[in-house]
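Trainee: I would like to learn how to read the features of a fold, one at a time. Could we work through an example together?

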Amino acid sequence: MLRLLTYNVLEGALPDRLPKVISVIRSAHADVVAVQEARYWRRNRREVFLKVSRALHMPGVLMRANSGFDLAVFSGRRS
């Protein structure tokens, strides 16, 4: 069975909320994770996006939205 999580992190989950966001994503044990409103995740050479990817042990892509509220998608089975 494939487990999919979509998560709207509200305004990009600024650094003070990021550990909680990562915890929620981990607890879902999803195979594919779509993070909506990944605003600011592109800044500083995609620092936030890469931090989340490493924390989840899941590769991903960050897609630019015209609104500025980008979409991040991570996939891959975790052990």
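Trainee: In what order do the elements of the chain run from the N terminus on?

Mentor: They run β-α-β-α-β-β, where helices (H or I, at least four residues) and strands (E, at least two) are DSSP runs numbered from the N terminus. This is a predicted model, in which local features need pLDDT of at least 70 and side-chain atom pairs count only at pLDDT 80 or more, while totals for chains, interfaces and linings use all residues. Residues are numbered from 1 along each chain as its sequence is written, and side-chain values use heavy atoms, with hydrogens and water left out.

Trainee: Which residues of the largest nonpolar core touch the most other members?

Mentor: In soluble globular proteins, nonpolar side chains tend to be buried together. Here the core has 23 residues, and Ile25, Val33, Val35, Trp41, Val52, Ala72 and Phe74 touch the most other members; such a core is a set of buried (under 20% relative accessible area, 1.4 Å probe, protein chains only) Ala, Val, Leu, Ile, Met, Phe, Trp, Tyr and Cys residues joined through side-chain atoms within 4.5 Å. Strand 1 (4-8), helix 1 (18-28), strand 2 (32-36), helix 2 (43-56) and strand 4 (71-75) each supply at least two of its residues.

Trainee: How many aromatic pairs does the count come to?

Mentor: A pair of aromatic rings is described by the distance of the centres and the angle of the planes. The count comes to 1 (ring centres of Phe, Tyr or the six-membered ring of Trp within 6.5 Å; planes under 30 degrees apart are stacked, over 60 edge-to-face, the rest tilted). Phe49 and Phe74 are stacked, at 5.2 Å centre to centre and 20° between the planes, and they link helix 2 with strand 4, 25 residues apart. Both Phe49 and Phe74 are buried.

Definitions and conventions: Buried < 20%, exposed > 50% of the residue type's maximum accessible area, 1.4 Å probe, protein only.
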